[in-house]
2 protein chains.
Amino acid sequence: MSLPRLKLISFPLCPYVQRSRITLLEKNIEHEVEYIRPDALPDWFFDISPLEKVPVLLVDEQPLFESMVICEYLDEITPGSLHPEDPFERAINRAWIEFGNEILDKTFTLFKTEDEKSHKHAKSIILDRFDILEENLQHSPYFNGESFSLVDAAYAPMFRFYEVTKDLLHFDVYEDTPKIRAWADALLARPSVIQCVHADFMDNLKGFLTRPDSFFGRSLKTD
Amino acid sequence: MSLPRLKLISFPLCPYVQRSRITLLEKNIEHEVEYIRPDALPDWFFDISPLEKVPVLLVDEQPLFESMVICEYLDEITPGSLHPEDPFERAINRAWIEFGNEILDKTFTLFKTEDEKSHKHAKSIILDRFDILEENLQHSPYFNGESFSLVDAAYAPMFRFYEVTKDLLHFDVYEDTPKIRAWADALLARPSVIQCVHADFMDNLKGFLTRPDSFFGRSLKTD
């Protein structure tokens, strides 16, 4: 198997990058990772990332953007597949990946936003989406049962946010969703999910999420 | 070739539904379309669409949601492909589909939002994204050249908004992007793009977009 040279461009704390890194690790694909800082972007980055977002995967120097597009590409160029074989099941997996994109986005808002209104709005959407997801989870320990899939790679970074902040949040996000809680626990114990970030990542993320310029960070200060 | 029974659930004016309908027509797939009204949703719809969104494709009665997921599924279960054969080219196409999702979303905001601030914010994002897209268009008449692809199906409904409103908007969205203008013209002349909506669709959409409860609609009244 001759693969192109692959380099993943990342921010240290970006959850979307983790999806691609998990896929690289799950499929045991040789690759490099280059971390850049979002507050000190190198000039070359503007040429390869149209929206200045990560991840970008350099494929023999050619840039590819969008986390799940990168995951599908990595899956397609290597033997086996992290998607179900049946086209309808594969489509259902992709639909729930799309569903998860909004939850990850709102989770980021929950911790990052400066104002209380959008924090509360994000919380209400997350809990609503969790209820729907809970009703639709049919297998365990992973989304499709015993086999780890791209849909698991898509959700794992979101579960990491709640793991890092579980003793800080004013609510238990999994209170009414035991199936999601079990799914999160299974994913956070998976080697690829553990290894896709640095050993000091959890502490760094906690520091970032509890900064006083976010509503969430300020809410901790006054407790 | 034995396909499942396919029924597409649609709102009359929804742009996302058009992507799936274009794919059905391009691949000459037997299907039904059922239109429902967003202000009078039937009870059964809540059971099949977790976010009360369309399109939903019923596949032998099993629901599948998300427009591009539906397009990929339809492409995969029928001969030939509307994606490039090369995995990297296919990934690049998918990346630009994701890029287009935000433009379509902001285009909808441009016409639907009640307040001037978000109208102007949407406009600035659209023009910025158009500049980036223009720089990255490498072929004509379609995204990949002579072959019509899923990425074309993804963008066509957005171009329809600007066709319907071209004499009403206070700016020419294509002013600095002649390649996008040519792409839009080619797509809007394509039979599948024309036939994916009702004959009276353009008039209905114009009526909807110019309603006085939107900033855009009110801006027309006072001209």
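## A pair inside chain A

A:Glu102 has a relative accessible area of 24%, so A:Glu102 is partly exposed (buried means under 20%, exposed over 50%, partly exposed in between, with a 1.4 Å probe and protein chains only). Its salt-bridge partner is A:Arg129, at 2.8 Å from N to O (a salt bridge puts a side-chain nitrogen of Lys or Arg within 4 Å of a carboxyl oxygen of Asp or Glu). The two sit 27 residues apart, A:Glu102 in helix H4 and A:Arg129 in helix H5 (residues 116-136) of chain A (helices are DSSP runs of H or I, at least four residues, numbered from the N terminus). A:Arg129 is buried, at 13%.

## What you're looking at

This is a predicted model, where local features need pLDDT of at least 70 and side-chain atom pairs count only at pLDDT 80 or more, while totals for chains, interfaces and linings use all residues. Residues are numbered from 1 along each chain, chains are lettered from A in the order written, and side-chain values use heavy atoms, without hydrogens or water.

## Across the chains

B:Glu76 pairs up with two arginines of chain A. One salt bridge goes to A:Arg90, at 2.7 Å from N to O, running from helix H3 (residues 67-76) of chain B to helix H4 (residues 87-112) of chain A. Another goes to A:Arg94, at 3.0 Å, and that pair joins two chains as well.

B:Glu76 is partly exposed at 31%, whereas A:Arg90 is buried at 16% and A:Arg94 is buried at 8%. Over all chains, the whole structure holds 32 salt bridges.
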